[in-house]
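I opened the model today to look up a few features. My entries follow.

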Amino acid sequence: DDLRGAGDPLQRPQALALLPGNRAAVADAIATAVVVIDLATGNRTTLATLTFVPVAIARDALNDRILVLGADRLMAVDPVTGAATVIQAMGAGRKAARGMKAYLGLRDTEVGYQPQSDPAARLFGIARSERNFARVHIA
């Protein structure tokens with residue numbers, strides 16, 4: 001596996017979100033950063049350094065931002081400047097899980113959490129057995 005493009009290699013990519021302009025934003029758990037990759041060249045640029053371990057990432061096209069989910073917070077990152085803003089921060093444990101679930105408008109089902117509004121538009125699911133949002137997977 002040859003590394004293509006310039007920039008620091010990813011250490012532990014957790015999730016990615018496709019961006020306009022043939023780019024992808026990747027949440028790196030070891031670097032605790034959002035890294036943007038030019039998909040044509042492979043060049044990597046650190047967009048934002050985080051103060052938490054990211055577990056999921058999504059592009060919010062409506063508000064032109066990147067959403068980054070950690071175990072106890074949800075942040076918005078500007079895709080141009082890298083400026084990060086806390087949307088929701090909570091304490092650890094079940095209270096955090098309930099707060100995040102309520103903020104995102106998710107409901108508890110037998111297979112996992114899914115958005116209440118439009119199931120076809122869901123961005124990610126959280127395994128029912130994971131009470132602390134430690135592991136997020138694509139639904």
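I looked for nonpolar surface first. Leu-16, Leu-18 and Leu-39 make a nonpolar patch of about 300 Å². I took patches as residues with over 30% relative accessible area and no salt bridge, with like charges joined within 9 Å and nonpolar side chains (Val, Leu, Ile, Met, Phe, Trp, Tyr) within 5 Å. A salt bridge here is a side-chain nitrogen of Lys or Arg within 4 Å of a carboxyl oxygen of Asp or Glu. Areas come from the Shrake-Rupley method with a 1.4 Å probe, and for residues only the protein chains shown count as cover.

A note on the source: this is a predicted model, where local features need pLDDT of at least 70, side-chain atom pairs count only at pLDDT 80 or more, and totals for chains, interfaces and linings use all residues. Residues are numbered from 1 along each chain as its sequence is written, and side-chain values use heavy atoms, leaving out hydrogens and water.

I then checked Leu-18. It lies in strand β1 (residues 13-19).

Next I checked Val-36, which is in strand β3 (residues 33-38). Val-36 is buried, at 11% relative accessible area. Leaving aside residues up to four places away in sequence, Val-36 touches Leu-19, Arg-23, Ala-24, Ala-25, Asn-43, Arg-44, Thr-45 and Leu-47. Contact means heavy atoms within 4.5 Å.

I turned to an open sheet. Its four strands have the order β5-β6-β7-β8 and pair antiparallel. β5 (54-60) and β8 (84-89) stand at the edges with a single partner strand each, so one side of each has no neighbour in the sheet. The twist averages 25° from one strand to the next. Axes are lines fitted to C-alpha atoms, for helices over the stretch in contact, and angles run from 0 to 180 degrees between N-to-C directions. Six bridges join β5 to the antiparallel β6 (residues 65-70); a pair needs at least two DSSP bridges. Ala-58 stands opposite Leu-67 in β6.

Last, I took the totals. The protein has one helix and 12 strands. Helices (H or I, at least four residues) and strands (E, at least two) are DSSP runs, numbered from the N terminus. Of the 139 residues, 40% count as buried. The accessible surface comes to about 8,000 Å², and 50% of that belongs to carbon and sulfur atoms.

Terms used:
Buried means under 20% relative accessible area, exposed over 50%, partly exposed in between (1.4 Å probe, protein chains only).
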